[in-house]
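Thanks for coming, everyone. Let me put the structure up, and then we'll walk through a few spots.

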Amino acid sequence: PLPRCRAHHPSINAAVKAVTRACHEVGIVPYNEAGDATENEFPKSDATSEEGTSKIEARRRLEKGPGQLRYVGINVARGNGALQITLVWNGPAPSDDGSDSCENPNLKKLVSTIIAMSGTSQNASVNLNSNGVGSGLLSSEENGDVADSTGEPAKKRRRRGRREGKSFASNDLNEGLSEKEQSTQHRPKELNLHSLWVNYNSSWRHSNAIFAFDSTTAESSCWRRHYGPYAVIENLKFGEGSTECDKRQKSGRPIANPPPLKYQVPLHFPPNVFRQANLDAFTHIVGRIREFVFQSATMKESIDNIHRLPACVELYGGVGTIGLHLSDILSSLVSSDENPNNAKCFYDSVGSFPPEIKSRILYKQKTAADMIKTERTLLRNSQILVVDPPRKGLDAQVVDYLCEDGWKHLKLLVYVSCGFQAFQQNSDALLKSKKWKLEFAEGYLLFPGSDAIETLAFFVPKNG
């Protein structure tokens, strides 16, 4: 827990304490990547041969550390402080045949205990699809009961789980528990729980990935939702004192003053997509981008004429956090990202937009490199490119495109960077190409007390 950090939501401290207490009650063994195996136990071989490859895989299986709980992921619904908790379990996901959605007895007890801490009846349920990802509990967007972060109460409709198919009822969690253990499930509310997920991660101990992902399917079999709505829903609010962080800090100093949208952009965040850890501060970045695009030369004479609005492509777009907040001042928006879980979230957001805005918006599940390779016509017909790459920066294919061809067609490059060293390298390449110039840049301290700087930069072509 971090009791005095301004950027650290107090609900996170409550979640850490509650989950720690639940783990002690159940007797959960924390994951230890050191393991018990020694170097002498591992088969040695050259990995170039087929036999060598199999021995390397055997070596990696031996190198998986002991213990049960690897990590606990926590997201907070900003409006009401409700907690979206993910337990990262050290082990393979259960089978998809419906025989058992949570087969480990200790995991059953832990899930049951955490749900009970929310004061929820153990008759609550989540209905799971064929891949084990649920469609809702208590209140869910799929059932029309949207639980968002505004603090508005959701409909008090309940659904009981079914035993057939992929249904998972929390009653099942009590199976195998003693009467004493079951009695602990009826306890006063001590946790404001939005949803509870389990991510099964049995990866090699030298992998630094917190979550396990299956890139072949949007609803990966390594994810299980045991309680609550599918996603935390967040709405970004621009203007003075608009964010929760502003209210807690009593700062009331807006960095940007973008024009208001005439409709809301409800961003959907399940735990298997990227969400900014400090969404309050990131709201200022999105606001600055909206303000800059609105005031740019491409907008001055076109805002009242849809045919003269700029077209935009977004790479590394996530669930559309940036691009969707530009959708009313664009003639078209094509957002893209490689995470297969993003598309549902993106279109769930777009579903509430006015029809004339919906028709302008498209999502493509592709890497940035694939977009450059396969979508040249789309890119040549776009005037704005928005990029928000991971810490490693832009893919080489993106940099090459911008320096060799992109400058001929684009009017504006919006670059949001979370890795300053990579940003410096990419910026140097753009400027040394003599095709781009830096129009404006500023830094944001999203994590007070750290040296991590989020950089926002606007580049324009020199021929513009």
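**A buried glutamine, a hairpin and a helix**

Gln 84 counts as buried, because its relative accessibility is 1%; buried means under 20% relative accessible area, exposed over 50%, partly exposed in between, with a 1.4 Å probe and protein chains only. Before I go on: this is a predicted model, where local features need pLDDT of at least 70 and side-chain atom pairs count only at pLDDT 80 or more, while totals for chains, interfaces and linings use all residues. Residues are numbered from 1 along each chain as its sequence is written, and side-chain values use heavy atoms, leaving out hydrogens and water.

Back to Gln 84. Gln 84 sits in strand β2. Strands are DSSP runs of E, at least two residues; helices are runs of H or I, at least four; both are numbered from the N terminus. What does Gln 84 touch beyond four places away in sequence? Its contacts include Asn 75, His 194, Trp 197, Tyr 230 and Phe 269. Contact means heavy atoms within 4.5 Å. A polar atom of the Gln 84 side chain lies 2.9 Å from the backbone oxygen of Phe 269.

Now the hairpin. Strands β1 (residues 69-76) and β2 (residues 83-89) run antiparallel, joined by seven bridges. Pairing takes at least two bridges found by DSSP. Val 72 has Leu 87 in β2 as its bridge partner. Six residues lie between the strands, and Gly 81 takes a positive phi near 75 degrees.

Last, helix α7, residues 342-350. Asn 342, Cys 345, Phe 346, Ser 349 and Val 350 are buried there. They share one side of α7, because they cover an arc of only 135 degrees around the axis. That arc is taken from the directions from the helix axis to the C-beta atoms. Their cover includes β8, β10, α8 and β11.

Key:
A polar contact is a pair of N or O atoms within 3.5 Å; within protein, one must be able to donate a hydrogen and the other to accept it, and residues adjacent in sequence count only if both atoms are side-chain atoms.
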